[in-house]
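Below is a walk through one model, beginning with a feature of the surface and moving on to the contact between chains.

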Amino acid sequence: MNWPQLLVTVLTLGSIFGVVTLSLNLQYARGGMINFGIVAYFAVGAYTYAIFTQPPPQGLDQYKFGFGWPWWTAVIVAGLAALVFAAVTGWPTLRLRGEYLALTTFAFAEVFHSLLLNERRIGNGTVGLARVERPFGDWGPIEEKYVFAGAAALLLVATLLVFRRLLVSPYGRALDAIRDDETAALAAGKPAQKMRRQVFLISAVPVGFAGAVYAMFTTLAQPSLFTAEVTFIVWIALVLGGERSVYGVVLGTAGLVFFEEIVRAWPFETVRSAQIAASVEHVVTGLVFIAVLRYQPFQAAATRLKVSK
Amino acid sequence: MTLPGGAAALNGALLEARHISKRFSGLQAVGGSDGLSFGVDRGAFVGLIGPNGAGKSTTFDLMSGVQTSDTGSVFFNGHDITRSSPDTIAEQGIGRTFQTPRAFESLTVLQNVVAGATSPGESLRWAFGRSWRNHETEIVEAAQAILRRVGLHERAAARVSDLSGGELRMLEVARQLVRDPTVLLLDEPTAGVHPGLQERLAALLQDLHSGGMTLVVVEHNLHFLLALADHILVLADGALLAQGPPADIRADPAVISAYLGGGDAA
């Protein structure tokens with residue numbers, strides 16, 4: 001088994017999804033909002049990046065727009081697009097609480113997914129956009145995949161630092177107050193509705209960035225990559241890591257991605273055993289989840305990290 | 001404007017309700033035939049009493065924006081706050097506590113009081129900077145001083161879940177005091193509070209009153225309230241039954257028959 005390759009993939013995908021989990025953690029654990037449509041914001045980032053970097057349509061292309069912008073401007077636009085998408089979807093949904101918000105965000109994501117599938121002028125429908133620019137070449141002796149993993153990790157660290165900065169401030173304390181008891185927080189002058197909306201918008205931006213990096217990594221923006229499964233995987237990572245700790249969230253995501261990748265990368269001797277492994281994967285994944293939820297090793301590790309600091 | 005019970009004109013009242021009412025699924029909680037009207041003068045210590053279900057807590061909800069009145073208006077400092085949100089009303093200077101004490105469970109006792117204050121670092125623009133830290137020291141010191149005042153300073157680092165019911169009530173008062181409100185609405189502050197702490201609370205309220213704070217207190221413990229308040233409003237079935245100084249209320253036959261049940265609380 002190619003361990004270095006596996007680790008690089010885990011670092012890259014773990015960082016990309018770690019950003020999404022961190023944002024979800026901000027929305028849920030601190031903002032008290034259940035977003036079951038997080039994949040849509042991720043997809044908005046990916047598609048925006050693809051559309052803004054790809055060349056204009058030619059030949060069999062059905063998409064309408066390709067701007068050929070430099071990659072870094074497209075990354076910024078991807079973050080902004082996620083922000084705008086959050087503003088548009090947040091306006092009607094954030095009046096709702098708890099499971100109602102969960103259902104509405106889920107519905108929004110499904111509608112968006114369906115739009116990507118059926119409106120071919122956005123991104124070729126089911127075929128998707130396959131000519132996504134991968135900006136980093138080899139850096140001297142450093143191979144591209146390492147540069148890429150480094151860039152993804154950098155995005156994760158930057159997101160972590162920005163969120164931390166926000167949450168250790170009185171702003172974070174006010175968010176905790178609102179989540180704990182909204183009526184009491186209002187009586188203490190905290191504008192609950194406004195702050196929830198702000199958190200919803202702020203947390204969408206890194207998800208847009210992560211979507212852009214994901215599109216670079218896969219060189220693909222395709223509806224099949226952005227199904228509700230992504231939402232659930234990110235939620236599972238959040239629960240695994242323990243929602244209260246940002247380090248736990250990152251560890252939980254890394255652990256989950258590692259497990260998925262090792263099943264994928266395992267060198268099976270025969271086709272038959274690979275087929276069996278593929279079908280057993282889901283069963284094993286489920287069992288591992290149950291075990292992790294029962295013993296919460298990532299959460300415990302994160303708590304130790306916090307205590308020893 | 002004259003009110004039932006022979007009240008003086010309301011003009012100049014700091015906090016004023018004019019014909020307010022509230023119905024919950026068809027049942028009148030507050031209002032009576034013409035809506036509920038009363039005024040609270042600046043610096044007054046007003047007691048709001050009445051049997052269970054008289055509409056006392058709902059009246060607080062209408063004045064603090066937790067509920068919106070179906071009719072009429074609420075004025076504070078001459079401004080119509082009937083439809084203002086609870087957070088803007090709090091920012092304007094009306095503080096309140098709740099019948100069932102509320103607290104921020106994930107924060108310590110001290111942090112609960114600190115969270116009661118409005119810090120500049122709560123705005124997004126300031127949160128990413130560092131200048132809110134200067135204000136933070138002030139807020140923490142103020143919170144500590146208030147915890148001492150309500151007798152919770154030794155519990156500052158405790159978790160909220162470790163507090164007794166009485167301590168939770170005192171914490172809620174502390175969380176409002178750190179905001180230095182112009183008017184403080186207290187909903188049954190002595191319920192579940194042991195006698196020692198009640199004495200401390202009485203002394204604190206007297207102290208706040210003489211410091212110029214306007215107080216409106218809902219209370220079932222009439223011994224406690226009649227000794228402190230300088231004006232009593234009596235509610236029955238959502239309407240104002242009587243109002244006046246405590247001595248008059250004690251002697252009012254309508255109040256005695258409707259509420260005091262033969263004057264045993266006098």
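A patch, as the word is used here, is made of residues with over 30% relative accessible area and no salt bridge, and nonpolar side chains are joined within 5 Å. The model is predicted. In it, M1(A), W3(A), L7(A), F258(A), W266(A) and F268(A) form a nonpolar patch on the surface. Together these residues have about 570 Å² of accessible area.

One of them, W3(A), lies in helix α1 of chain A, which covers residues 3–30.

The next topic is the interface between the chains. The size of an interface is often given as the accessible area lost when the parts come together. Between chain A and chain B the buried area is about 2,400 Å², and carbon and sulfur atoms give 63% of that. On the side of chain A, the residues that lose the most area to chain B are R165(A), P170(A) and R173(A), together 25% of what that side buries. In terms of contacts, 27 residues of chain A touch 32 residues of chain B.

The rule finds 3 salt bridges across this interface. R173(A) also forms a salt bridge with E136(B), side chain to side chain, at 2.5 Å from N to O. Residue pairs in polar contact between the two chains number 12. On chain A, the helices α6 (144–167), α7 (170–180), α8 (182–187) and α9 (192–218) each supply at least two residues of the side that touches chain B. The largest share, 8 residues, comes from α7(A).

Technical notes. Residues numbered from 1 in each chain as written. Chains lettered and ligands numbered in written order. Predicted model: local features only at pLDDT ≥ 70, side-chain atom pairs only at ≥ 80, totals over all residues. Heavy atoms only, no water. Patch = residues over 30% accessible without salt bridge, like charges linked within 9 Å, V, L, I, M, F, W, Y side chains within 5 Å. Areas by Shrake-Rupley, 256 points an atom, 1.4 Å probe, with all protein chains shown as cover. Salt bridge = Lys/Arg side-chain N within 4 Å of Asp/Glu carboxyl O. Helix = DSSP H or I, 4+ residues; strand = E, 2+ residues; numbered from the N terminus. Contact = heavy atoms within 4.5 Å. Buried area = accessible area lost by both parts, 1.4 Å probe. Polar contact = N/O pair within 3.5 Å; in protein donor to acceptor, adjacent residues only side chain to side chain.
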